[in-house]
Amino acid sequence: MITSAQIRAARALLRWSSTQLSDISGVGTATIKRLEVMDGVPSGQVRTLIAIKEALESAGVEFVGRPEENPGVCLITKARK
């Protein structure tokens, strides 16, 4: 699973607003904002977190580490894909 900090960091890497992530993931903007202010793995429906994760991954974000140990994100460049 992904953490709130990873969602915020991934959006920052992509320079996406919460509205852009909402449009691409199909998750409401208010839900994204609510999930992002939580600590650790946000409580919510698993399918919601999966939709967010898949939207960010499709834009080139790679989630690294585990939620409980060294969670992070990096942006995969076209040369690295």
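**Figure 1. Glu68, Arg66 and Glu69 in a salt-bridge network.** Glu68 counts as exposed because its relative accessibility is 60%; buried means under 20% relative accessible area, exposed over 50%, and partly exposed in between (1.4 Å probe, protein chains only). Arg66 is partly exposed, with a relative accessible area of 44%. Glu69 is partly exposed too, at 42% relative accessibility. The side chains of Glu68 and Arg66 form a salt bridge of 2.7 Å, N to O. Here a salt bridge is a side-chain nitrogen of Lys or Arg within 4 Å of a carboxyl oxygen of Asp or Glu. Arg66 also meets Glu69 in a salt bridge, at 3.1 Å, N to O. A search of the whole structure gives 4 salt bridges.

The model is predicted: local features need pLDDT of at least 70, side-chain atom pairs count only at pLDDT 80 or more, and totals for chains, interfaces and linings use all residues. Residues are numbered from 1 along each chain as its sequence is written, and side-chain values use heavy atoms, leaving out hydrogens and water.

Figure 2. Glu57 and Lys53 join through their side chains at 3.1 Å, N to O. Helices (H or I, at least four residues) and strands (E, at least two) are DSSP runs, numbered from the N terminus. Glu57 counts as partly exposed because its relative accessibility is 33%. Lys53 is partly exposed as well, with a relative accessible area of 27%.

**Figure 3. A nonpolar surface patch.** Met1, Val41, Val46 and Ile50 make this patch of about 330 Å². Patches take residues with over 30% relative accessible area and no salt bridge; like charges are joined within 9 Å, nonpolar side chains (Val, Leu, Ile, Met, Phe, Trp, Tyr) within 5 Å. Areas come from the Shrake-Rupley method with a 1.4 Å probe; for residues, only the protein chains shown count as cover. Ile50 sits in helix α4 (residues 46-58). Its relative accessibility is 36%, so Ile50 counts as partly exposed.

**Figure 4. The largest nonpolar core.** This core has 15 residues. Such a core is a set of buried Ala, Val, Leu, Ile, Met, Phe, Trp, Tyr and Cys residues joined through side-chain atoms within 4.5 Å. Leu21, Ile52, Leu56, Val61 and Phe63 have the most contacts inside it. The elements α1 (4-14), α3 (29-36), α4 and β1 (61-66) each give two or more residues. Helix α4 gives the largest share, 4 residues.
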